[in-house]
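Dear colleague,

Please find below the structure that I am handing over to you. My notes on it follow directly after.

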Amino acid sequence: MGVVTDIRSRAGAGRLTAAVSWTRAGRAGRSGKRTVSLFWRIFSLNAAGLVAATALLLGPVTVSTPVLPGEALVLLGGLAALLAGNALVLRIGLTPLHRLGRAMATADLLRPGARPAVSGPAEAAELIATYNTMLDRLQAERTAGAGRALHAQERERHRIARELHDEVGQTLTAVLLQLKRVADRVPGELREEVALAQEATRAGLDEIRRIARRLRPGVLEELGLASALRALAAEYTHHGLTVRHQVSGDLPPLSPEAELVIYRVAQEGLTNTARHAAADRADLSLRPAPGGVELLVRDNGTGLGGAPEGAGIRGMRERALLIGAEIHIEPAPGRGTGIRLRVPVPTGAT
């Protein structure tokens with residue numbers, strides 16, 4: 001999924017200009033005067049050193065030929081002071097740029113973090129403020145693009161689920177009925193084979209219905225999030241895996257988008273557990289949390305180890321960004337993996 005960003009747009013340029021202006025005004029307001037730029041700091045220090053050297057040469061101070069030891073010490077001391085001053089000015093001026101470089105190297109739009117502090121000389125402060133504004137805009141545009149893509153994905157899921165249920169499911173049902181009528185008229189030696197065909201068709205029909213339910217969680221729309229999560233836990237409880245669920249009954253009101261994200265994250269977490277974790281137990285819980293609700297999916301499997309994040313985990317992160325939620329994927333106590341999703345709820349909704 002890609003998002004095309006035009007950094008030359010007038011709106012973006014206006015926001016960047018406003019951010020830089022705000023940075024200048026804020027820094028001037030805090031210190032009572034404008035911040036001296038890195039250029040003028042270095043220029044002033046070098047100019048002071050050159051003016052001092054010229055004044056000494058034009059004054060009573062002389063340099064003998066050959067240079068006397070005392071004169072050499074004075075010259076070396078002046079040179080050392082000038083170099084130390086330059087090093088100090090450059091260190092102070094370039095520290096914010098080093099901090100910005102580290103922030104740029106670790107930036108990830110799927111994992112929003114703290115922005116680098118706007119500090120340092122005027123040029124560095126303006127650059128950091130511009131970078132922060134650009135990062136905010138890219139994150140907003142990525143979230144909007146992810147939202148459009150995920151909504152389109154949900155519509156496609158509903159369409160495929162409807163076609164599976166209405167067309168493929170009905171066709172298999174008709175085949176199953178036809179096989180039943182055939183089984184009543186075939187010779188005895190063929191009835192066992194017809195019975196096997198009936199069982200295979202019935203298993204295929206059940207699998208089609210199961211896939212359709214996963215693509216389109218009708219229970220979520222009809223009975224609500226709590227019932228949908230309980231049904232999800234029951235669906236993933238099979239031979240070798242037990243899913244225990246704990247869904248609180250006093251959850252704050254959630255938007256349809258938030259309920260769908262919670263359901264899909266729980267579904268993806270249990271799918272990863274069933275397919276890859278080699279676990280025999282998983283826990284699914286949804287409870288109120290300060291400022292919202294918290295979903296926790298935890299298993300006792302092998303854990304992630306050093307494996308890179310796949311499309312499933314990245315999809316969960318994109319869904320969390322869509323509703324402003326925080327998601328953390330971490331090792332579970334003991335062994336296994338825990339997925340923690342914190343969904344904020346507006347104060348007026350509670």
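This is a predicted model: local features need pLDDT of at least 70, side-chain atom pairs count only at pLDDT 80 or more; totals for chains, interfaces and linings use all residues.

Residues are numbered from 1 along each chain as its sequence is written, and side-chain values use heavy atoms, with hydrogens and water left out.

Helices (H or I, at least four residues) and strands (E, at least two) are DSSP runs, numbered from the N terminus. Strand 5 (residues 337–344) is largely enclosed by the rest of the structure, because 6 of its 8 residues are buried (under 20% relative accessible area, with exposed over 50% and partly exposed in between; 1.4 Å probe, protein chains only). Strand 3 (residues 292–299) runs antiparallel to strand 5 and is joined to it by 7 bridges; pairing requires that DSSP find at least two bridges between two strands. Val343 in strand 5 is the bridge partner of Val293. Strand 4 (residues 326–331) also pairs with strand 5 in the antiparallel sense, over 6 bridges, and Pro331 stands opposite Thr337. Strands 4 and 5 form a hairpin with 5 residues between them, and Gly334 in the turn has a positive phi of about 90°.

Asp206 lies in helix 5 (residues 188–215). Its relative accessibility is 36%, so Asp206 counts as partly exposed. The C-alpha atoms of Asp206 and Leu172 are separated by 9.9 Å, and the two residues are 34 apart along the chain.

Yours sincerely
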